[in-house]
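Here's a quick tour of the chain you're about to see.

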Amino acid sequence: LVRRCQSTSAPRHIRVLQDTYPTDDYTNITPTISSKLSRRLHAQEGHPITTLRSLIESHFPDFAHLSSLSPIVTPHQNFDSLSFPADHPGRAKTDSYYINKNAMLRTHTSAHEVEVFAKGTERWLLTADVYRRDEIDASHYPVFHQMEGAKIFGTDASSIDQIEQESQRLERQLALSNIDIEDVRHISETNPAQTSHDVRSSEVIAKNLKFCLNSLMYKLFAGIAGAAKSDPLRVRWIEAYFPFTGPSYEVEVFFRGKWLEILGCGVVLQSTLDRAGVPNKMGWAFGLGLERIAMILYSIPDIRLFWSEDPRFLSQFTHGKFSTFKPYSKYPASYRDVSFWKPSSDMHDNDLYDVVRDVAGDLVEDVAIIDRFTHPKTQRHSLTVRVVYRSFDRSLVNEEVNLLQSRVVSCLQKLGVEIR
Ligand code: FA5
Ligand code: MG
């Protein structure tokens, strides 16, 4: 849908990073997204994402630290190797960026689990840029960074005992920390162990995962700017579902009055380890979002700022140090509304967001659907959309905003909408 806006006939081939790919009816990667693939913020010395990566890596000193895997993966790696069902919504073109039917941008770092385990790596962290088609506001960006962590163990009685001992060590350390953990049962009817797993082993591994992550949360969040030393750090464990773990959990941290989802995790699905050629091991894995944590640790108010090349942003940070970001003057926002009838062929909200991103890049701060209705007689769907434009670097003049908005409108018309 979106490609049609740039050229009347879609090109037969596209270049992504160093390679040329044939296009097909899956192709939906946009120039804005392509331009992000070589940025590698997580390897840029002094960048907040890189400093955060180093801090977490220092918490897992005996793990392999990986950060150079290509963002281009097969749908098999991203989904099938992790046992996603064939009809899982994440596979849809509306949710993920495809180069073509056989090549896509990873939507999560879990896409690399099988290949890393297959190399014989038993403890590892993997940091990478991930890509998802999504809404537009201060905390959503179509590219963000995740860190995957995983550890696998032998399953004989003495290995299981060793895991228990490590957990007890971590538990004693945590008991001395000012942390308040709202726990959830390791295993329950709604969050069961895998049928092929020994329940006690699964429980031991889940418990080890919890202690490792609770102590990481404490390292990251306790005593940072804005967190009162006298108040305990509050961490909450919640039952979750992922196609590639069981039992599964999400971890939230209470910060400045709100519970914030930080990561997903669980006991690795045995079929993942079977595929990787290590069927006799069991283990845990987690995937955390680096921007969400960095926004808190540095008080960065808008996720677009991570992509800024403005020295007023980058010069505020020193590698290895946490500091409070001082916003430079905020230039005024301007908004424009547009109302239209959706095309009879289906149009997804994410198609709208990609159009706006492609026209306005990082000059768009927010896109909100402020009204939606269906005509009672014709059954046509109408949307009213408010686009908020703002630059971090300068005041936008009216003419420029008008031009951006008229380009958005003409791209939408090419998608078949009828302006009201
Ligand atoms: C996953 O991506 C799983 N792969 C995590 C996982 C790994 C589970 C290993 C089990 C085992 P999820 O979509 O919830 O799960 O994303 C994980 C984290 O990435 C979230 O908790 C959040 O911190 C971050 N995240 C997700 N979506 C966004 C977004 N649009 N912007 C910024 N951060 C995001
Ligand atoms: Mg989630």
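The radius of gyration here is taken over C-alpha atoms, and the globule rule is 2.2 Å times the number of residues to the power 0.38. By that rule, a compact globule of 420 residues would come in near 22 Å, and the chain's 23 Å agrees. Its C-alpha atoms fill a box of roughly 70 × 50 × 45 Å along the principal axes.

A word on the ground rules: this is a predicted model, where local features need pLDDT of at least 70, side-chain atom pairs count only at pLDDT 80 or more, and totals for chains, interfaces and linings use all residues. Residues are numbered from 1 along each chain as its sequence is written, while chains are lettered from A and ligands numbered from 1 in the order in which they are written.

The chain has 12 helices and 17 strands (DSSP runs numbered from the N terminus: helices are H or I with at least four residues, strands E with at least two).

| Pair | Bridges | Direction |
|---|---|---|
| strand 9 (residues 179-182) and strand 10 | 4 bridges | parallel |
| strand 10 and strand 11 (residues 245-255) | 5 bridges | antiparallel |

On one side, Glu-182 stands opposite Arg-236 of strand 10. On the other, Trp-237 has Val-251 in strand 11 as its bridge partner, and a hairpin of 5 residues links strands 10 and 11.

Finally, an unreviewed UniProt entry puts "domain: FDX-ACB" at residues 329-420; UniProt positions follow the numbering used here, feature names are shortened, and annotations may be inferred rather than shown by experiment. That span is 32% helix and 33% strand, with its end C-alpha atoms 37 Å apart.

Conventions: Two strands pair if DSSP finds at least two bridges between them.
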